[in-house]
Amino acid sequence: MAANSPSTAATLALIADDMREVDKVIASRLQSSVPLVGDVARYIISAGGKRLRPALLLLVSGALGYQGAQRFNLAAVVEFIHTATLLHDDVVDDSTLRRGRPTANESFGNPASVLVGDFLYSRAFQMMVSTNSLRVMQVLADATNIIAEGEVQQLMNTHDASLDEAGYLDVIRSKTAKLFEASARLAAILADSPAELEQACAEYGQALGTAFQVIDDVLDYDGDAQEMGKNLGDDLREGKVTLPLIVAMQRGTPEQRQFLRSVIETGSTNELARVVAIIRETGALTATREAAATQAQLAMDAAAKLPINSYSKGLLQLAAQLLERRT
């Protein structure tokens, strides 16, 4: 999302006070009698990031007129779950850079990162129990399980040059979009919304999360490393076959396909410039951005079903601005 976009900034300004309350909850619930737990957790949470999942929960709460304090608690819960996945992902991917600084595993080691990720998952479940809502616990438990399945499926797909668009979308809808979907659905549950409105919120979250990840995959080949705070070509190095590569494989010449198959299977980034050139020549970046635009439109269609107010207008803006994202 364009960090300097006026409309995005205006949307997030609607929930600025709420986010400060969420930050207080996060700070209080990171307390542990084991100092390293707090050190690692604070390290990754303080690294910044867009906080899109808690922001989504707060914006949907505003759109539906829910002002109860549980929105702060559950916004912190989804941020803890997301942070836990980042800690585990960086270990699995052997990543060294996130948001422009060393990853937690680079700074504290793999064992600490994995175990503190476990702490954040378990703390999130402690917090969700305080809602005394079986629906809330079911949504979050199901989402966490599906995210884990998506991570395992992505692991199975690594270095697989035969992966198609359907298989790719299955992974990102599980691994990324599911927590966006849960965040929006939770707000509807808190607001005691009717089933059709809850479903519209869930559809918005899933489509927004899918579009977000598709654009993220574009930026791995078409972004600015300094703006993004991570190394370009990381997906290729980690063996992740994303939509730009899939489309390039479909559209490339036999020679280009053979070359891409080789770099996918080896994870070599020695010829990253040639990979990017083929992706550009085949129109794969444009096609991938069009796929993201389709998802963004689905999100806007869903948001249009919500009550009309500044918050729902902000949700429309978030989806529209997503396509301009550079970080």
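Helices here are DSSP runs of H or I with at least four residues, strands are runs of E with at least two, and both are numbered from the N terminus. By that numbering, Asp164 sits in the loop between H8 and H9. What you see is a predicted model, in which local features need pLDDT of at least 70 and side-chain atom pairs count only at pLDDT 80 or more, while totals for chains, interfaces and linings use all residues. Residues are numbered from 1 along each chain as its sequence is written, and side-chain values use heavy atoms, with hydrogens and water left out.

For accessibility, buried means under 20% relative accessible area, exposed means over 50%, and partly exposed is in between, using a 1.4 Å probe and protein chains only. Asp164 has a relative accessible area of 41%, so it is partly exposed.

Leu163 is in the loop between helix H8, residues 134-157, and H9. Is Leu163 buried or exposed? Its relative accessibility is 13%, so Leu163 counts as buried. Contact, from here on, means heavy atoms within 4.5 Å. Leaving aside neighbours within four places in sequence, Leu163 is in contact with Asn157, Tyr168, Val241 and Ile246. Of these, Ile246 is 83 residues away along the chain, with a C-alpha separation of 7.2 Å.

His159 is also placed in the loop between H8 and H9. Its phi is near 60 degrees, which is positive, in a residue other than glycine. Most residues other than glycine have a negative phi. His159 is partly exposed, because its relative accessible area is 30%.

Asn132 is in the loop between helix H7, residues 110-129, and H8. With a relative accessible area of 71%, Asn132 is exposed.

Next, a few helix residues. Tyr121 is in helix H7, and at 16% relative accessibility it counts as buried. Which residues does Tyr121 touch, not counting residues up to four places away in sequence? They are Ile81, Ala84, Thr85, His88 and Thr144. Tyr121 and Ile81 are 40 residues apart in sequence, and their C-alpha atoms are 5.7 Å apart in space.

Lys178 is in helix H9, residues 165-190. Lys178 has 18% relative accessibility, so it counts as buried. With residues up to four places away in sequence not counted, Lys178 touches Ala143, Ile146, Ile147 and Arg173.

Glu196 belongs to helix H10, residues 195-222. Glu196 is exposed, because its relative accessible area is 58%. Between Glu196 and Lys305 there are 9.3 Å from C-alpha to C-alpha, for residues 109 apart in sequence.

Now a helix pair. Two packed helices are described by the angle between their axes and the distance between the axes. Axes are lines fitted to C-alpha atoms, for helices over the stretch in contact, and angles run from 0 to 180 degrees between N-to-C directions. H3 packs with helix H5, residues 70-93, at about 100 degrees, and their axes are 11 Å apart. Angles under 35 degrees count as roughly parallel, over 145 as roughly antiparallel, 65 to 115 as roughly perpendicular, and the rest as oblique. H3 is therefore roughly perpendicular to H5.

Which residues of H3 and H5 meet? From H3 there are Val40, Ile44 and Ile45, and from H5 there are Phe80, Thr83, Leu86 and Leu87. For classes, Ala, Val, Leu, Ile, Met, Phe, Trp, Tyr, Cys and Pro count as nonpolar, Asp, Glu, Lys and Arg as charged, and the others, Gly among them, as polar. The contact of H3 with H5 has six nonpolar residues, one polar and no charged.

Last item, the cavity. On a 1 Å grid over the protein atoms alone, a cavity is a set of points where a 1.4 Å probe fits but cannot get out, and lining residues have an atom within 4 Å of a point. Grid points are joined across faces, edges and corners, and a volume is the space filled by probe spheres set on the points. The search of the whole structure finds one cavity of 30 Å³ or more. The largest cavity holds about 60 Å³ of space. Its lining includes Tyr43, Ile44, Asp90 and Arg98. Helix H3, residues 35-45, and strand S2, residues 101-102, are the elements that give two or more residues to that lining. By class, the lining divides into five nonpolar residues, one polar and four charged.

Note on methods
1 Å grid on protein atoms, 1.4 Å probe; cavity = no way out; pocket = protein on both sides within 12 Å on 5 of 7 lines; lining within 4 Å.
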